[in-house]
Amino acid sequence: MDRMDDHDVDEFMLLLRREYLADAPARLAELRKDVAALQAGELDADQSLRLRFHRLAGSGGSYGFPEVTTISREVERWIVENPGPLPETVTRATHALAALEAVFDEAGAQVVALEKKKKKEILAH
């Protein structure tokens, strides 16, 4: 059985990261929907929001985006410690959304730059 070399692993991780980032707009939209539901006082909106942040906290680091984990974990912990439709939860979640959007945008730009660099290396050989 063939083993993946470092180049293959790098290519595979790049593919996974690209797919993860492609899903980011949908994840952010789901978070925005939950924040709006929380603002409207919908029952269990805080728990839906907590679960979405929990999932992002877990997946962020796995895909090489530790900032996603850090931002998401902070909001998740806040909601666990302060359940219910609190204005401060809306504020914290809104700030986290803006921070996550910036992280995803920056990460996307880095992935594109890395792909361009790899293409140049391939063409140079």
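A crossing of two helices is left-handed if the near helix is turned anticlockwise from the far one by less than a right angle, and right-handed if clockwise. With that in hand, α2 passes α4 in a left-handed crossing. This is a predicted model, where local features need pLDDT of at least 70, side-chain atom pairs count only at pLDDT 80 or more, and totals for chains, interfaces and linings use all residues. Residues are numbered from 1 along each chain as its sequence is written, and side-chain values use heavy atoms, leaving out hydrogens and water.

**α2 and α4**
- The two axes (lines fitted to C-alpha atoms over the stretch in contact, with angles from 0 to 180 degrees between N-to-C directions) come within 13 Å and cross at roughly 30°.
- α2 and α4 are therefore roughly parallel (angles under 35 degrees; over 145 is roughly antiparallel, 65 to 115 roughly perpendicular, the rest oblique).
- On the α2 side, Leu49, Phe53 and Leu56 meet Thr89, Ala93, Ala96, Leu100 and Phe104 of α4.
- That contact splits into seven nonpolar residues, one polar and no charged.

**α2 and α3**
- Here the packing angle is about 150°, with the axes 7 Å apart.
- So α2 and α3 run roughly antiparallel to each other.
- Their crossing is left-handed too.

**Leucine 56**
- Beyond neighbours within four places in sequence, leucine 56 is in contact (heavy atoms within 4.5 Å) with Tyr20, Arg27, Leu31, Val68, Thr69, Ser72, Leu100 and Phe104.

Terms used: Helices (H or I, at least four residues) and strands (E, at least two) are DSSP runs, numbered from the N terminus. Ala, Val, Leu, Ile, Met, Phe, Trp, Tyr, Cys and Pro count as nonpolar, Asp, Glu, Lys and Arg as charged, and the others, Gly among them, as polar.
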